[in-house]
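Here is a short briefing to read beside the model.

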Amino acid sequence: MRVMVTGAAGMLGTDVCRALDEQHEVIAADIIGDCKWVSADGCRQLDITDSGQTLEVIADVKPELVVHCAAYTDVDGCERDPDRAYQVNAYGTWNVAAACEQVGAAILYISTDFVFDGEKGDDYDEFDTPNPISHYGRSKWAGEQLVREVCRRHYIVRTAWLYGENGKNFITTIIKAASEGKNLRVVADQIGSPTYTKDLADFVASQAGSPLYGTYHVTNKGSCSWHELAVKSIELAGIKDVHVTPIQSSDWPTPTRRPKQSVLRHLSLEMQGRDNLRTWEEALSEFVEKWITAKQ
Ligand SMILES: NC(=O)c1ccc[n+]([C@@H]2O[C@H](COP(=O)([O-])OP(=O)(O)OC[C@H]3O[C@@H](n4cnc5c(N)ncnc54)[C@H](OP(=O)(O)O)[C@@H]3O)[C@@H](O)[C@H]2O)c1
């Protein structure tokens with residue numbers, strides 16, 4: 001099918017384009033109009049906050065599905081500039097969803113564990129009620145609601161703690177710091193599910209064309225703290241003699257309140273008998289090996 005990807009220059013968008021390309025016709029779009037996945041002239045310039053341009057580009061491309069990855073993803077930036085968070089994540093999403101409905105395309109919207117407050121004390125499934133505690137989370141939750149209201153054929157895919165080859169992320173930051181011999185302090189009281197963009201992108205590609213519209217939780221399986229993730233990443237990178245001190249969130253103040261425990265249970269996939277995501281440790285091991293090999 002003919003699939004357009006917004007935010008195609010981003011960390012997830014790049015992998016989504018690659019994964020879709022195996023079976024579908026892919027049209028990339030991003031605000032800078034230049035994506036690593038295709039040459040500059042193959043990427044459409046699209047600012048999703050411009051409703052006229054969004055409708056014009058989507059009407060011109062005539063996709064059957066739009067995978068909507070574009071977002072303002074700087075969580076602390078959203079806290080400092082909530083208007084920009086809502087402009088991009090809520091109203092920008094509204095523009096994309098409305099254009100999809102107008103041209104008869106389905107939309108697949110990437111959302112986040114930050115829609116939850118993290119206070120449940122158990123994993124969240126797709127039927128738990130969101131209660132975001134940050135502007136980033138609120139703006140993404142607003143985006144979800146607009147997608148549901150505006151575009152009849154929609155998939156909402158909530159994910160968490162992403163890392164991949166095509167963006168700045170926690171794993172590579174930690175490995176670089178550890179390889180410079182720095183001793184590290186990492187938060188140990190926030191629990192989530194680290195997720196490799198490649199695995200999420202494969203899920204997105206497999207979902208294209210499915211009649212099972214609705215809400216999905218998609219992460220790598222299992223969970224850990226940021227501290228455990230740092231220790232495992234350093235171990236997989238073969239770095240020794242670096243001390244990683246576990247600290248509390250209160251010892252690492254940031255502008256944003258983050259959910260303490262936001263593990264996403266894949267209830268929709270379990271019920272459909274296709275919860276085949278691998279564990280976060282397996283995915284991390286592949287990523288670290290690839291990343292180190294690419295650097296050599
Ligand atoms: N990263 C995570 O841990 C995580 C976790 C859960 C969910 N998500 C969701 O996953 C999706 C992809 O995230 P990511 O980590 O791949 O983020 P990313 O690397 O920041 O990619 C987002 C892309 O959207 C583009 N963009 C920003 N504003 C735009 C606009 N007005 N019009 C068009 N494009 C615009 C960005 O361009 P610029 O870089 O030039 O601004 C960037 O290329 C997002 O929806 C995010 O909310 C991410």
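A polar contact here is a pair of N or O atoms within 3.5 Å; within protein, one atom must be able to donate a hydrogen and the other to accept it, and residues adjacent in sequence count only if both atoms are side-chain atoms. This is a predicted model, in which local features need pLDDT of at least 70 and side-chain atom pairs count only at pLDDT 80 or more, while totals for chains, interfaces and linings use all residues. Residues are numbered from 1 along each chain as its sequence is written, and side-chain values use heavy atoms, with hydrogens and water left out.

**Ligand site**

- A backbone N or O atom of Gly10 lies 3.3 Å from an oxygen atom of the ligand, and a backbone N or O atom of Ile110 lies 3.4 Å from a ligand oxygen atom.
- Asp47 brings a polar side-chain atom to 2.9 Å from a nitrogen atom of the ligand.
- Of the 890 Å² of accessible area that the ligand has on its own, the protein covers 80% (areas come from the Shrake-Rupley method with a 1.4 Å probe; for residues, only the protein chains shown count as cover).
- There are 25 residues around the ligand, and Leu12, Asp30, Thr73, Tyr136 and Lys140 come nearest (a residue is near a molecule or strand if one of its heavy atoms lies within 4 Å of it).
- The shell around the ligand divides into 15 nonpolar, seven polar and three charged residues.
- At least two shell residues come from each of α1 (11-21), β5 (106-112) and α5 (135-150), and β5 gives the largest share, three residues. Helices (H or I, at least four residues) and strands (E, at least two) are DSSP runs, numbered from the N terminus.

**Cysteines**

- One disulfide turns up in a search of the whole structure (a pair of cysteine sulfur atoms within 2.5 Å).
- That disulfide joins Cys35 to Cys43, with an S to S distance of 2.2 Å.
- Both partners are buried: Cys35 has a relative accessible area of 2%, and Cys43 has 7%. Buried means under 20% relative accessible area, exposed over 50%, and partly exposed in between (1.4 Å probe, protein chains only).
- Cys17 is buried at 0%, and its sulfur is too far for a bond because the closest cysteine sulfur, in Cys35, is 6.3 Å away.
- Cys100 is in no disulfide either, as the nearest cysteine sulfur, that of Cys151, is 5.2 Å away; Cys100 is buried too, at 0% relative accessibility.

**Asp189**

- Asp189 sits in the loop between β8 (184-187) and β9 (191-192) and is buried, with a relative accessible area of 17%.
- The Asp189 side chain makes a polar contact of 2.6 Å with the side chain of Ser249 and one of 3.4 Å with that of Lys260.
- Beyond its neighbours within four places in sequence, Asp189 is in contact with Ile247, Gln248, Ser249 and Lys260 (contact means heavy atoms within 4.5 Å).

**His227**

- His227 belongs to helix α8 (residues 226-236) and is buried at 15% relative accessible area.
- A polar atom of the His227 side chain lies 2.9 Å from the backbone oxygen of Val244.
- Apart from neighbours within four places in sequence, the contacts of His227 include Val186, Val187, Ala188 and Thr245.

Technical notes. Ala, Val, Leu, Ile, Met, Phe, Trp, Tyr, Cys and Pro count as nonpolar, Asp, Glu, Lys and Arg as charged, and the others, Gly among them, as polar.
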